[in-house]
Amino acid sequence: MLPVLVLITLIMSLALLLLRRDMRSVLLFLAVSSITFFLYTISVYIAKKGGISDFTTLVFYGSNKVRQVQMYKVYTVNKLGFMMALGRYLSPYFLVLSALNMAGELDRSNILKRGSILAIIPVLTIVLYVPQIFELFSSNSLIMETVVTFSKVWIIIYLAFAVFVMIHELWVTKLSFFKLRFIMKVMIIISLVMIYGIFFPQDPAQVYLFYRNEYMWMLGLWYLHKGFSSGFNYLVMIASLLAGILSMGSLIRYFSTTFGEEVVEVKVRRESHSAARGVSMFVHGTKNDLLSMKILLDKVQKNHPEDKDIERLLKINASLVERLEKLNKSLKVNAIKLYPISISEIMGICRQRVKENFSDYPVSVSGLDGSKLILADTTFLTEALYNIIQNGIEATKENKRNDAIEIEIEYGRMWAEITISDRGKGIDKALKKHIWEPFHSSKNSSTNWGIGMYFTRLVIKRHFGSISFMARKDGGTSFVVMLPLAGRGNDQSNVGRRQ
């Protein structure tokens with residue numbers, strides 16, 4: 001039972017690694033792999049030792065046949081002991097690295113330095129448990145007990161530190177968007193610490209001393225000792241199963257969430273590439289035709305200056321050229337340049353656009369703070385945010401309401417959360433799957449080509465942010481834009497650090 005849970009957890013961590021291929025997934029896979037390897041060596045050792053209950057056999061092996069297979073695995077005492085040492089002492093190391101990375105404290109710039117410092121004690125302990133070296137001091141009970149106690153103490157410190165890092169990061173994360181997402185990561189680390197923590201007292205020294213008089217049960221298998229009641233043994237086995245279920249479930253959920261986001265990303269990227277190629281050819285050809293038409297209209301206007309229809313055609317021609325330029329720019333945002341600017345300034349420009357285009361339609365903004373800076377391309381970011389506001393105004397009007405667009409801004413340690421809410425009818429279920437794709441819109445027309453939300457998402461991604469949407473309980477839609485804060489003045493230790 002337990003091996004199946006652990007194996008599924010390992011498979012999910014591998015799937016996450018193949019999907020993301022980043023440092024976070026690598027460290028998580030190494031943590032799960034080392035724990036799995038450690039539990040495997042324990043299962044082999046228990047099978048060879050024998051004398052276990054049917055319930056323990058069920059938990060560890062599923063059936064007696066599997067236990068017998070483990071029993072007859074050909075391992076020398078020294079080989080099995082050193083394998084156990086590798087799994088035991090690498091697991092807490094990778095758990096700490098994984099926790100630091102998930103909390104945003106470990107990235108490519110400092111992993112070599114911090115990883116090396118944290119590796120000193122685990123590597124030293126592994127060296128002490130090399131069979132030839134362990135043989136030198138194992139006959140001295142005082143030295144051996146010191147080494148055993150030392151290894152147990154630093155493992156506990158590492159595990160406690162990993163849990164502390166995750167709990168502390170969850171505590172200081174104030175923005176609900178990140179808090180909900182980070183809870184999944186907390187559950188992954190804590191569940192792995194639980195399942196490892198139940199079995200980590202199993203010291204490889206017990207394997208090395210298997211045939212000696214100094215063989216001490218305190219070095220491992222504490223939960224199987226005859227001094228404890230059967231009820232206690234059952235409790236430990238059930239706790240290990242629950243920890244296995246929790247680690248498997250949390251990793252499956254994390255993978256499914258990541259996979260869903262990746263599917264959307266790949267789909268939008270694929271469609272945007274094909275759309276960009278087609279649009280570029282379309283824009284180039286159409287602009288040439290429109291410019292030729294403008295030249296002809298200018299000549300006709302000189303001959304017939306009194307004709308108002310020609311003047312109207314020139315305005316339509318200019319409007320079409322402008323919209324084509326905007327379409328082309330929407331699909332090519334590689335020219336974005338980021339500079340420090342306050343969110344208050346960005347919001348001020350957006351409100352001015354609303355005033356010019358919607359006759360001072362009411363827009364309420366709360367949470368403005370001029371001291372909070374972000375790295376942004378003012379032109380592109382204001383256009384992206386204005387697209388959301390404009391859609392909200394149009395949706396509210398279509399719902400025959402005149403409620404204000406509500407913009408709420410909250411700040412975390414590293415991020416600003418901008419929530420833009422309207423009182424429209426909401427987004428159709430069929431459109432939700434395609435809302436970020438180019439040329440998908442519920443109101444496609446000669447003036448609306450369905451690229452607004454695609455452009456908005458692309459710009460925000462280029463600002464190292466994210467965007468999501470949700471239905472409001474009391475009607476309407478809320479779009480949530482996350483943007484990284486910039487500078488140490490905003491209590492940031494790293495700009496754009498991922499959470």
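Start by selecting residues 77-102, which make up helix α5. Helices here are DSSP runs (H or I, at least four residues), numbered from the N terminus. This is a predicted model, where local features need pLDDT of at least 70, side-chain atom pairs count only at pLDDT 80 or more, and totals for chains, interfaces and linings use all residues. Residues are numbered from 1 along each chain as its sequence is written, and side-chain values use heavy atoms, leaving out hydrogens and water.

Now zoom in on Leu-90: α5 kinks there by about 25°, shortly before Pro-92. That angle is between axes fitted to the seven residues ending there and the seven starting there. Colour α5 by burial and you'll find 20 of its 26 residues buried (under 20% relative accessible area; exposed is over 50%, partly exposed in between, with a 1.4 Å probe and protein chains only).

Next, show the side chains of Arg-88 and Asp-203, which form a salt bridge at 2.9 Å, N to O (the cut-off is a Lys or Arg side-chain nitrogen within 4 Å of an Asp or Glu carboxyl oxygen). This pair ties α5 to the loop between α9 and α10, 115 residues apart. Both Arg-88 and Asp-203 are buried.

Hop to Arg-20 and Asp-22 for another salt bridge, 2.7 Å between the closest N and O atoms; these two are buried as well.

Last stop: Leu-242 in helix α11, exposed at 53% relative accessible area.

Methods: Helices (H or I, at least four residues) and strands (E, at least two) are DSSP runs, numbered from the N terminus. The expected span of a helix is 1.5 Å times one less than its number of residues.
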